[in-house]
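Me: Hi, I've got a structure to go through and I'd like to talk it over piece by piece. Can you help me read it?

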Amino acid sequence: MSQVLLRALVWLPVAVVVAVAMDLWAAFLHGRVWHSLLWSVHRSHHTPRPAGSRFEANDALSVLHVPPAIALILFGCVGSPGLLREVAFGVGMGMSLFGLAYLLVHDGLVHGRLPMQFLVRLRYFRGVARAHRVHHEGTAGGAPYGLFLGRWELAITRRLKRSRPSSARVQGSSVPRT
Ligand SMILES: [Zn+2]
Ligand SMILES: [Zn+2]
């Protein structure tokens with residue numbers, strides 16, 4: 001087996017797993033950091049852009065993972081041969097793949113900043129766009145915070161919301177005050 005193929009057998013599965021895991025990581029950051037600690041920056045994504053402006057302050061958060069991804073890929077190219085090098089390359093490639101997909105689907109398809117409207121022909125992407133628009137309802141946003149798995153996050157959040165008031169009612173009515 002050639003060296004290139006052998007290396008790909010390590011870094012390719014790592015890249016796929018990391019690309020999927022990045023949506024969970026992005027959802028965590030979006031919900032717990034962008035919408036709390038960094039709301040002053042992320043707010044620019046939830047309010048209309050000033051006339052004539054193509055960029056928003058939130059774009060800075062979108063490119064936050066670019067330097068570590070480049071560093072990992074570079075290490076994967078020039079580091080000393082071994083498992084660590086291949087894993088680092090896979091992680092960097094997975095992060096880059098997710099970043100590119102996020103840019104095309106979130107900024108392109110959902111927010112119309114890039115010509116990606118042809119993706120609405122696919123049912124999966126229509127679902128992604130619909131779920132993300134729910135996040136943009138109101139001014140402060142809410143679940144779903146993830147993008148590619150957002151429709152499932154939304155379904156789980158709604159199910160939890162539906163079950164919560166009823167359990168509170170049951171507790172309130174069935175436990176007598178003494
Ligand atoms: Zn958005
Ligand atoms: Zn948001």
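Me: How many residues does helix α4 have, and how far does it reach?
Reply: In this predicted model, α4 covers residues 66–78, which makes 13 residues, and from its first C-alpha to its last it reaches 18 Å, close to the 18 Å expected at 1.5 Å a residue.

Me: Which residues of α4 are buried?
Reply: The buried ones in α4 are Ala69, Leu72 and Gly76. Looking down the axis of α4, you would find these buried residues within an arc of 65 degrees, so they line one face of the helix.

Me: ok, and what's on the face turned away from the buried side?
Reply: That face of α4 carries exposed residues, namely Val66, Pro67, Ala71, Cys77 and Val78.

Me: What do the buried residues of α4 pack against?
Reply: They pack against two other helices, α1 (3–37) and α5 (83–110).

Me: And how do the axes of α1 and α5 cross?
Reply: Their axes come within 7 Å and cross at roughly 40 degrees, and α1 and α5 are therefore oblique to each other. The crossing of α1 and α5 is right-handed.

Me: Which residues meet there?
Reply: Among those in α1 are Trp11, Val14, Val18 and Met22, and the residues they meet in α5 include Val87, Gly90, Met93 and Leu97, although each helix contributes others too.

Me: Switching topic, where is the cis peptide bond?
Reply: The cis peptide bond joins Ala143 and Pro144, with omega at about 10 degrees, and Pro144 is found in the loop between α6 (123–135) and α7 (150–174).

Notes:
Residues are numbered from 1 along each chain as its sequence is written. Chains are lettered from A and ligands numbered from 1 in the order in which they are written. This is a predicted model: local features need pLDDT of at least 70, side-chain atom pairs count only at pLDDT 80 or more; totals for chains, interfaces and linings use all residues. Helices (H or I, at least four residues) and strands (E, at least two) are DSSP runs, numbered from the N terminus. The expected span of a helix is 1.5 Å times one less than its number of residues. A residue is buried if 20 or more other C-beta atoms lie within 10 Å of its own, exposed if 12 or fewer, and partly exposed in between; C-beta atoms are placed from the backbone. The arc is that of the directions from the helix axis to the C-beta atoms. Two residues are in contact if their C-beta atoms, placed from the backbone, lie within 7 Å. Axes are lines fitted to C-alpha atoms, for helices over the stretch in contact, and angles run from 0 to 180 degrees between N-to-C directions. Angles under 35 degrees count as roughly parallel, over 145 as roughly antiparallel, 65 to 115 as roughly perpendicular and the rest as oblique. A crossing is left-handed if the near helix is turned anticlockwise from the far one by less than a right angle, and right-handed if clockwise.
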